Amino acid sequence: MHGPRERRVAILGAGFSGICMAIRLKEAGVSFVIYEKADGVGGTWRDNSYPGAGCDVPSHLYSFSFERRAEWSRHYVEQPEILRYIEDCVERYGLRPHVRFGTEIVRARFDDDEGAWHLSTAGGEVFTADVVVTGLGQLNRPTVPELPGLADFKGTAFHSARWDHAHDLRGERVAVIGSGASAVQFVPRIAPDVARLHVFQRSPNWVLPRGDAAYSAAARGAFRRVPGLDRLHRASIFWALETRALALGGPTGPMLRALVERTARKHLEAQVSDLDLRRKLSPDYSIGCKRVLLSDDYYPALARENVELVTSPIARVEPDAVVTRDGRRVGVDTIVFATGFDALHFLAPLDVQGRDGARLAEAWRYGAEAYLGTLVSGFPNFFVLYGPNTNLGHNSIIFMIECQVHWVMRCLEELRARDRAWLDVRRDAMVASNRALQDRLRATVWVTGCHSWYKTASGRVTNNWPGFASRFWLATRKPRFDDFAWG
């Protein structure tokens, strides 16, 4: 008698999600391969290497619970240290031999007869897997606005997520188009070196104090030597951040948001004395509707004599200038786009074809949705990490990823125990789950009127999880196998 069949797992992407999944699979003795389009691991932390790139979640929480680090240098560490952490995890758990670098999967097709997935690469190779786990993230496809005349610009232009480190900005006239999460980090770093810096802002953001500081040698030593101290510190950060969910939705939301907005306004007033600049930097929407930014040095950078905040919309780009709609011509040598990512088209440009030829792009034509943000009906054994409605506005996405990975591992264990070829979530179960999810989202700040990457043009929130991250933890502890179909 043969034992249960072995599963071949394909992981797409070697960022935090893919690495977490790989570690758990290796510990369970499951065969897997990681397909990574780049030549290194790290995902968004490999791509975003702009000056000042860092995380808005404290370092002790922005890491795996099973791989805590006592030696974090700061409360909020920057990109090099986060990337080094990911690389260290790859080495510690022996994952590098499992990674196929320079291999981009462009198509995934489910074979109904075989009950397996055929994965096609950009180079024409085809691989077969029983299970596919995507770790492609929500913020990996930079967007650049289609500005008239941009193709004729004679200077240097690049997106912040593709920073041109070979280009020296010192002494240049620089235009930064966009004023979101990336801009608030790199603008203060480049402002002292450039001749003139023009920051083009479409709408102002709410900015709260970051309060960053280095950990002392004594603190790092205590984290190393005192049993459980790092775990306790991590837990204290988690629950402190968890309380912020109360301001994002529910009956306490408006009152708590008013208190947080007061803090943000005081922060602005303390750092910007110019009343006209302060007016331009004052949002007219509820805090939390868009991503809340943390910075201690963005406002002072904008107040520098060589820095200008431009709020008039851009009309066009000329070979050596950016021209605004009010007719002003701003001469520049370099354009840096801080215009974010295509966060709504999950998994794009990957072409996914499931059971009976169903296409994921068609299933998501009105907005992405998934059962617990992880499994889509009609696409068996196809798990999406950091998928629809798993992003957070208040806590650590690494926590959410670990919850998803735990849930996927439970599914794979059950698949093996039943010795079935595949599992799929029933359509009615997914629809009911997402209907309840959208009902909860209607009570959140994200639907109060602002434009953000959290939602579609129709206003449907497809990126964020409503409420506490701990509620997601509870929902993913044990799969409800009655919601599944088996093949």
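Which residue lies over the face of W72? Hold that thought until point 5.

1. Before you start: this is a predicted model, where local features need pLDDT of at least 70 and side-chain atom pairs count only at pLDDT 80 or more, while totals for chains, interfaces and linings use all residues. Residues are numbered from 1 along each chain as its sequence is written, and side-chain values use heavy atoms, with hydrogens and water left out.

2. Helix α1. Helices here are DSSP runs of H or I with at least four residues, strands are runs of E with at least two, and both are numbered from the N terminus. Helix α1 covers residues 16–28, and at 1.5 Å a residue its 13 residues should span 18 Å; the end C-alpha atoms are 19 Å apart, which agrees. (The expected span is 1.5 Å times one less than the number of residues.) Just after α1 comes G29, with a positive phi of about 75°.

3. Buried means under 20% relative accessible area, exposed means over 50%, and partly exposed is in between (1.4 Å probe, protein chains only). The buried residues of α1 are F16, S17, G18, I19, C20, M21, A22, I23 and L25. Their cover includes strands β1 (8–12), β2 (31–35) and β7 (131–134), along with helices α2 (44–47), α3 (79–92) and α12 (397–418).

4. Cysteines. A disulfide is a covalent bond between the sulfur atoms of two cysteines; the cut-off used here is a pair of cysteine sulfur atoms within 2.5 Å. The structure holds one: C289 is joined to C450, S to S 2.0 Å. The pair links distant parts of the chain, 161 residues apart, with C289 in the loop between α9 (275–280) and β12 (293–294) and C450 in the loop between α13 (427–441) and α14 (469–475). The link of C289 and C450 is left-handed, with -100° about the S-S bond, and both cysteines are buried. C20 counts as buried because its relative accessibility is 1%. For C55 the closest cysteine sulfur is again in C89, 15 Å away and too far for a bond; C55 is buried too, at 6% relative accessible area.

5. Aromatics. Rings of Phe, Tyr and Trp (its six-membered ring) pair if their centres lie within 6.5 Å; planes under 30 degrees apart count as stacked, over 60 as edge-to-face and the rest as tilted. The whole structure has 30 such pairs. In one of them, W45 and Y62 have ring centres 5.9 Å apart and planes at 80°, so the pair is edge-to-face. W45 lies in helix α2 and Y62 in the loop between α2 and α3, so the pair ties together parts that are 17 residues apart in sequence. Both W45 and Y62 are buried. One aromatic cluster takes in F16, W45, Y62, F64, F66, W72, Y85 and Y93. As for the opening question, R69 lies over the face of W72, 5.7 Å from the ring centre. (A charge sits over a ring if NZ of Lys or CZ of Arg is within 6 Å of the ring centre and within 35 degrees of the ring normal.) R440 does likewise over W465, at 4.8 Å from the ring centre.

6. P380. This proline lies in the loop between α11 (360–363) and β19 (382–384), and P380 is buried, with a relative accessible area of 0%. Contact means heavy atoms within 4.5 Å. Leaving aside neighbours within four places in sequence, P380 is in contact with F110, W117, R355, W422, L423 and D424.
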